[in-house]
Amino acid sequence: MPEHILLVEDEEKMARMVELELTHEGYDVSKCPDGLTGLQCAEANDFDLILLDVMLPGLSGIEMLRRLRKSKDVPVLLLTARDEVVDKVLGLDSGADDYITKPFAIEELLARIRTALRKSAAAKATGADPGTAATGDKPGNAVLTLGKLTLDAGRHLVAYDGESVELTPKEFELLRCLLENKGMALTRDALLDKVWGYDYIGETNAVDVYIRFLRSKIDEKYGIKLISTIRGIGYRVEE
Ligand code: CA
């Protein structure tokens, strides 16, 4: 049975393009042009995944998601514009599983959809909370430290010198991966594999973008140099 995806997007041209591509890939697609009908549609049906534009007329994507989360744990991928401060938005704990910045390559969107669907299926199979399923197969719930930085994998908390650092799920996974291998240089490909999954076929540039997010939230904020760029290879964390 084909997976059923709800697309909530007010830009008609964009909605039609995405619908066409998804249908071509074998998904069933329903469309809603605004947040309110999107919410009603999402509450009334069991979708396998929701693609949710952030800037919507009436009810914003974030507000729609917040309301939807009271009743549904369907995976949600946010579609955001480049100039929107997505990390802050996600930091509000709106309950999105991932986000993709417009304009995006359709291959990247498809890869993100596959990853989200796979994680959701894995979570259902184990009865786990889909929000933590991605980390379910990783060793333990260790507390990782580096200088004043601590990452509590079990409680999903990051702090610097006792002060909480708000990270999105992907930023958290990336930092965790770096900390688990502290002192070692990790290639962009290795980070992509570990954080985004083996079937991720987007651009390795995603790693650089998320490293930038982490640097702005940790290195720049606290005036330290935690994440080093290893030219031609990738990244390493060290004190
Ligand atoms: Ca929009």
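Start by selecting L22: with a relative accessibility of 0%, L22 counts as buried. Keep in mind as you go that this is a predicted model.

**Stop 1: around L22**

L22 sits in helix α1. Show its neighbours next, leaving aside residues up to four places away in sequence: L22 touches I5, Y27, V29, L51, L110 and I113. Now pick out I113 from that group.

**Stop 2: the whole chain**

Zoom out and colour by secondary structure. You will find nine helices and 12 strands in the chain. If you switch to colouring by accessibility, buried residues account for 48% of the 239 residues.

**Stop 3: the calcium ion**

Next, select the calcium ion and bring up the protein atoms around it. Which residues are its protein donors? They are D10 and D53, each through OD, E11 through OE, and M55 through O. These donors lie 2.1 to 3.1 Å from the ion. Along the chain, their spacing reads D-E-x41-D-x1-M. Two of them, E11 and M55, link distant parts of the chain, 44 residues apart. To see this, trace E11 to the loop between β1 (4-8) and α1 (12-24), then M55 to the loop between β3 (49-53) and α3 (61-68).

**Stop 4: helices α2 and α3**

The axes of α2 and α3 come within 9 Å and cross at roughly 25 degrees. Because angles under 35 degrees count as roughly parallel, α2 and α3 are roughly parallel to each other. Their crossing is right-handed.

To finish, display the side chains where the two helices meet. On the α2 side, select G35, G38, L39, A42 and E43; on the α3 side, the residues they meet are M64, R67 and L68. Colour this contact by class and you will see four nonpolar, two polar and two charged residues.

Conventions
Residues are numbered from 1 along each chain as its sequence is written. This is a predicted model: local features need pLDDT of at least 70, side-chain atom pairs count only at pLDDT 80 or more; totals for chains, interfaces and linings use all residues. Side-chain values use heavy atoms; hydrogens and water are left out. Donors are N, O and S atoms within 2.8 Å of the metal (3.2 Å for Na, K and Ca); water is not among the atoms, so sites may look incomplete. Helices (H or I, at least four residues) and strands (E, at least two) are DSSP runs, numbered from the N terminus. Axes are lines fitted to C-alpha atoms, for helices over the stretch in contact, and angles run from 0 to 180 degrees between N-to-C directions. Angles under 35 degrees count as roughly parallel, over 145 as roughly antiparallel, 65 to 115 as roughly perpendicular and the rest as oblique. A crossing is left-handed if the near helix is turned anticlockwise from the far one by less than a right angle, and right-handed if clockwise. Contact means heavy atoms within 4.5 Å. Ala, Val, Leu, Ile, Met, Phe, Trp, Tyr, Cys and Pro count as nonpolar, Asp, Glu, Lys and Arg as charged, and the others, Gly among them, as polar. Buried means under 20% relative accessible area, exposed over 50%, partly exposed in between (1.4 Å probe, protein chains only).
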